[in-house]
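The sequence and structure are shown first.

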Amino acid sequence: MAEVVQAGLWGLLAGSALLLGAVIGFGVRVPQKVIATVMAFGAGVLISAVSFELVGEAYDQAGLGPAAIGTILGAGAYTVGNLWLSRRGARHRKRSGHHRSKEQPSEAQQGGSGLALALGALLDGVPESAVIGVSLLDGGVVSLVTVAAVFISNVPEGLSSSAGMKRAGRGKTYVFGVWGAIAAASTVSAVLGYTVVGAFSPAVIAAVTAVAAGAILAMIADTMIPEAFKDAHLFIGLITVSGFLVSFALSHA
């Protein structure tokens with residue numbers, strides 16, 4: 001199978017976890033502590049993947065400079081995009097709406113918030129999928145740890161966010177349309193990560209990997225950990241470390 005097709009399929013697999021989470025979050029009343037627990041575990045898994053699979057790989061390829069600069073640029077770009085979208089109604093896009101002060105706004109409460117939520121989901125998902133495609137450039141074998149980390153973290157993201165969308169009065173067409181589109185965008189992002197980034201030098205590839213790592217790490221701090229902390233704050237450290245160690249063990253298996 002052509003590697004570009006493999007990149008797309010791996011991206012689709014990781015992105016489909018968002019749709020799976022959305023189905024659960026929209027159709028099943030999941031206890032808030034369960035959502036928070038899975039979110040904390042997913043955050044730990046992603047932190048480990050960012051550390052060892054992304055920033056570590058960027059450092060090995062091009063040294064500290066490109067790795068550090070790329071990571072900072074990625075975090076900065078994500079923060080700017082997140083700030084812009086937050087002002088348009090996407091601030092609590094990962095929240096389930098369990099707490100009134102952290103509810104997603106309805107379209108009646110804030111016009112254009114539906115589009116902002118969709119764009120926010122895209123902002124969160126694209127860097128993760130792109131690095132899956134980039135990982136294929138290293139010997140033609142995808143980083144299964146990266147795919148697993150993105151998949152595991154995407155389930156609680158889709159679950160919590162879709163539950164919040166439902167509480168805000170958004171229907172099935174909107175909810176599943178958003179996550180279906182993000183799954184498709186994940187496929188495209190993985191393909192572009194492989195085809196476009198692969199044309200550049202190792203230093204540029206390392207920098208792009210680091211940019212994605214910075215964006216993912218900023219996303220974890222801005223959206224995943226706050227949702228987890230709200231309802232699992234007494235155990236969030238232990239749960240997050242458990243996710244970190246699972247991902248660490250996979251990357252060194």
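A cavity is a set of points on a 1 Å grid over the protein atoms alone where a 1.4 Å probe fits but cannot get out, and its lining residues have an atom within 4 Å of a point. The model is predicted: local features need pLDDT of at least 70 and side-chain atom pairs count only at pLDDT 80 or more, while totals for chains, interfaces and linings use all residues. Residues are numbered from 1 along each chain as its sequence is written, and side-chain values use heavy atoms, without hydrogens and water.

Three cavities of 30 Å³ or more are found in the whole structure.

## Lining of the largest cavity

The lining consists of L46, A49, V50, L54, E128, V131, T146, A149, V150 and I216. At least two residues come from each of helix 2 (32-62), helix 4 (113-135) and helix 5 (144-167), helices being DSSP runs of H or I with at least four residues, numbered from the N terminus. Helix 2 contributes the most, four residues.

## Nonpolar surface patch

V188, L192, V196, F200, V204 and V208 form a nonpolar surface patch with about 470 Å² of accessible area together. Helix 6 (172-195) and helix 7 (202-232) each give two or more residues to this patch. Areas come from the Shrake-Rupley method with a 1.4 Å probe, and for residues only the protein chains shown count as cover.

V208 lies in helix 7. V208 counts as partly exposed because its relative accessibility is 32%, between the limits for buried (under 20%) and exposed (over 50%).

Technical notes:
1 Å grid on protein atoms, 1.4 Å probe; cavity = no way out; pocket = protein on both sides within 12 Å on 5 of 7 lines; lining within 4 Å. Points joined across faces, edges and corners; volume = space filled by probe spheres on them. Patch = residues over 30% accessible without salt bridge, like charges linked within 9 Å, V, L, I, M, F, W, Y side chains within 5 Å. Salt bridge = Lys/Arg side-chain N within 4 Å of Asp/Glu carboxyl O. Buried < 20%, exposed > 50% of the residue type's maximum accessible area, 1.4 Å probe, protein only.
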